[in-house]
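Student: Could we go through this model together, asking each time what a term rests on before we use it?

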Amino acid sequence: MKVHLLIVLLLVSNITLSSGFLDFFAAAASYVIHKFLEQDDLLPFDFKGLEKDLRDSLFGQHIVSDVVLKAVKSFMTDSNPNKPLVLSFHGTAGVGKNHVAKIIARNVYKKGDQSKHVHIYISEHHFPHRNKLDLYSEQLKQWIHGNVSSFPHSMFIFDEMDKMQPQLIDVIKPFLDYEANVDGVSFRNAIFIFLSNAGGNVIAEVALDFWREGKDREELWMNSKELETKILQNIFNDKNSGFLHSSIIDHHLVDHYIPFLPLELKHVRQCVMTEMHHLNMIQDYDLADEVARDLPFFPAEEKIFAVKGCKSVRQKLVLYAD
Ligand SMILES: Nc1ncnc2c1ncn2[C@@H]1O[C@H](COP(=O)(O)OP(=O)(O)O)[C@@H](O)[C@H]1O
Ligand SMILES: *[C@@H]1O[C@H](CO)[C@@H](O)[C@H](O)[C@H]1NC(C)=O
């Protein structure tokens, strides 16, 4: 208490004594010092912390929570992994794929997904032109190599992986391999996360079958109805998917193909409640229910799953807030 009081007094006297220019100068200097001291490296890995974060901020994805927790734990606590961690997230839009990648990032890096060690590439944004594929390939190779050589625990997130050109996917491949070592740089500590809608429809079908059979969603596991095999087959059979033509799948370089289930009304309601909190609104269950029900659901008759998951929940909520 005394120390706080002293600081407040100092601040007040400083403001009254100095001119506007000095104030500005002092603020700028403290900003620079603060930035300089702020560290951008790994957090000590906290298994309980990640577990709690997933439990508190991820809704309706029990398979994801389970697999991500185990995979990240065993990778982060292994002082000498034999390959980088490679996860492939599958599911329809808005079910939490980007969200989980960020949850992992904030439990690994001090600055979370804002860390300069977290690299997010969105195919149609970063690599839009087919005629520049050779340039992109060269760049991507250099970026991965350069960043991992300066910081071995770098993280690379590839969004819209299903829209990525096979040539580019093949650039990533050598970095994912066992004992991967390119020009003297080891990639064993890096993390690669692929996000895609590939397999999303199959996952939704399996979840719907489960619901129609009156079974509890939580009883659906990776091996129920051979979910993982079905996802793989689906990716293989999708003629438009970059995955199909790439050699990543047949070389077994992906550690886990992780299915994100379509979200139900109650999960969307939870997302609305979370957004209310973020927007500093009072959490109102009835309003959350109204906002959630206003979103489109499928299939047409039963209306079980949200078409866009929790996407655009915030935008919808803002309309109701006024
Ligand atoms: N399962 C979920 N649990 C909690 N929040 C979610 C979930 N799915 C989506 N969201 C919320 O909706 C937003 C959009 O989801 P996102 O992760 O970008 O979807 P995807 O990458 O699967 O298309 C996220 O930022 C998050 O706030
Ligand atoms: C790291 O990757 C980014 C793109 O994500 C790139 O701009 C930067 O040049 C890379 N750094 C190195 C050292 O290669």
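Student: What makes the shell around ligand 2 polar, nonpolar or charged in its residues?

Tutor: Its residues divide into one nonpolar, five polar and no charged, where Ala, Val, Leu, Ile, Met, Phe, Trp, Tyr, Cys and Pro count as nonpolar, Asp, Glu, Lys and Arg as charged, and the others, Gly among them, as polar. The residues in question are His 119, Gln 142, Trp 143, Gly 146, Asn 147 and Ser 150, so Trp is on the nonpolar list and Gly counts as polar. Please keep in mind that this is a predicted model, in which local features need pLDDT of at least 70 and side-chain atom pairs count only at pLDDT 80 or more, while totals for chains, interfaces and linings use all residues. Residues are numbered from 1 along each chain as its sequence is written, and chains are lettered from A and ligands numbered from 1 in the order in which they are written.

Student: Which helix gives the most to the shell around ligand 2?

Tutor: That is helix α7 (residues 133-150), with five residues; a helix here is a DSSP run of H or I with at least four residues, a strand is a run of E with at least two, and both are numbered from the N terminus.

Student: What makes a residue part of the shell around ligand 1, and how many surround it?

Tutor: A residue is near a molecule if its C-beta atom, placed from the backbone, lies within 6 Å of it. By this rule 18 residues surround ligand 1, and the closest are Gly 96, Lys 97, Asn 98, His 99 and Cys 310. Helix α5 (residues 97-108) supplies the largest share, three residues.

Student: How are helices α4 and α5 placed against each other?

Tutor: The axes of α4 (residues 62-76) and α5 come within 12 Å and cross at roughly 30°, the axes being lines fitted to C-alpha atoms over the stretch in contact, with angles from 0 to 180 degrees between N-to-C directions. Val 64, Val 68, Val 72 and Met 76 of α4 make the contact with Val 100, Ile 104 and Val 108 of α5, contact meaning that C-beta atoms, placed from the backbone, lie within 7 Å. These contact residues divide into seven nonpolar, no polar and no charged.

Student: Why are β2 and β7 called edge strands?

Tutor: Five strands form an open sheet in the order β2-β3-β6-β1-β7, with parallel pairing, and β2 (118-122) and β7 (256-259) each pair on one side only. Two strands pair if DSSP finds at least two bridges between them; β1 (residues 85-90) and β7 have four bridges, so they count as paired.

Terms used
Contact = placed C-beta atoms within 7 Å.
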